[in-house]
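Please read it alongside the sequence and the coordinates.

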Amino acid sequence: MSGWTAGTIAEYAYQGKVDRLGEPIALHASRVAVAVAEAADDWNRACMFDVALLHDAIEDGPDDVAYLIRQHCGRVVYRLVLTLTRTEGIGSYADYISVIANVPVARRIKLADLADNLDPARADGLTPSLRKRYEQAQARLEGEAVGGASSSGVVGGSGTDREQT
């Protein structure tokens with residue numbers, strides 16, 4: 001297929017996938033993308049939207065999704081999506097959050113992801129331990145945004161990150 005975009009890749013990656021509440025994963029990814037884009041600077045709004053839309057695609061989609069993102073969305077989007085993808089090699093969830101905390105754009109997207117997952121309309125589907133883990137991650141990333149590096153600008157990061165549900 002020619003004409004792959006972040007939107008068509010997301011549609012392909014999330015097709016038929018549902019979250020713990022039975023809601024299409026694409027709706028969660030879209031809410032995160034809109035929240036991030038609304039808060040972004042004009043010059044990087046499109047990039048942040050694409051990364052946020054694809055933040056779950058590698059983990060939840062078919063095996064060729066990473067290739068599609070790399071080939072059709074550009075290096076910065078690809079590297080940031082990798083940063084937001086939790087893989088087995090990253091270690092614990094706390095290690096994963098530490099990787100994200102060091103990449104300002106990834107941190108902003110992960111905060112939007114956590115806010116959506118912790119939204120009262122959705123949080124009832126969380127186990128107490130998962131809710132606690134998300135709340136701790138949110139507090140850590142919010143602390144980094146206040147006391148850590150600037151949260152503006154697009155920064156390509158390497159590494160991996162992604163929550164397991």
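1. Accessibility. In what follows, buried means under 20% relative accessible area, exposed over 50%, and partly exposed in between (1.4 Å probe, protein chains only). Tyr-12, with a relative accessible area of 29%, is therefore partly exposed. The model is a predicted one, in which local features need pLDDT of at least 70 and side-chain atom pairs count only at pLDDT 80 or more, whereas totals for chains, interfaces and linings use all residues. Residues are numbered from 1 along each chain as its sequence is written, and side-chain values use heavy atoms, with hydrogens and water left out.

2. Aromatic pairs. Rings of Phe, Tyr and Trp (its six-membered ring) pair if their centres lie within 6.5 Å; planes under 30 degrees apart count as stacked, over 60 as edge-to-face and the rest as tilted. The count by this rule is 3 aromatic pairs. One of them joins Trp-4 to Tyr-12 in an edge-to-face arrangement, with 5.6 Å centre to centre and 70° between the planes. Trp-4 counts as buried because its relative accessibility is 15%.

3. Tyr-93 and Tyr-96 make a tilted pair, 5.4 Å centre to centre with 45° between the planes. These two residues are 3 apart in helix α7 (residues 93-101), so about one helical turn separates them. Helices here are DSSP runs (H or I, at least four residues), numbered from the N terminus. Tyr-93 and Tyr-96 are both buried, and together with Tyr-134 they form one aromatic cluster.

4. Charges over rings. The criterion is NZ of Lys or CZ of Arg within 6 Å of the ring centre and within 35 degrees of the ring normal. Arg-133 places its charged end over the ring of Tyr-93, 4.4 Å from the centre. Arg-70 lies over the face of Tyr-78, at 5.7 Å from the ring centre.

5. Nonpolar core. A core is a set of buried Ala, Val, Leu, Ile, Met, Phe, Trp, Tyr and Cys residues joined through side-chain atoms within 4.5 Å. The largest has 49 residues, and Ile-9, Val-51, Leu-54, Ile-69, Val-77 and Ile-109 have the most contacts inside it. Elements giving two or more residues to this core include α1 (6-14), α6 (75-83) and α10 (128-147). Helix α8 supplies the largest share, 7 residues. With contact meaning heavy atoms within 4.5 Å, Val-51 touches Val-77, Leu-80, Val-81, Leu-84 and Ile-109, not counting residues up to four places away in sequence.

6. Glu-11. This residue belongs to helix α1. Its relative accessible area is 59%, so Glu-11 is exposed.
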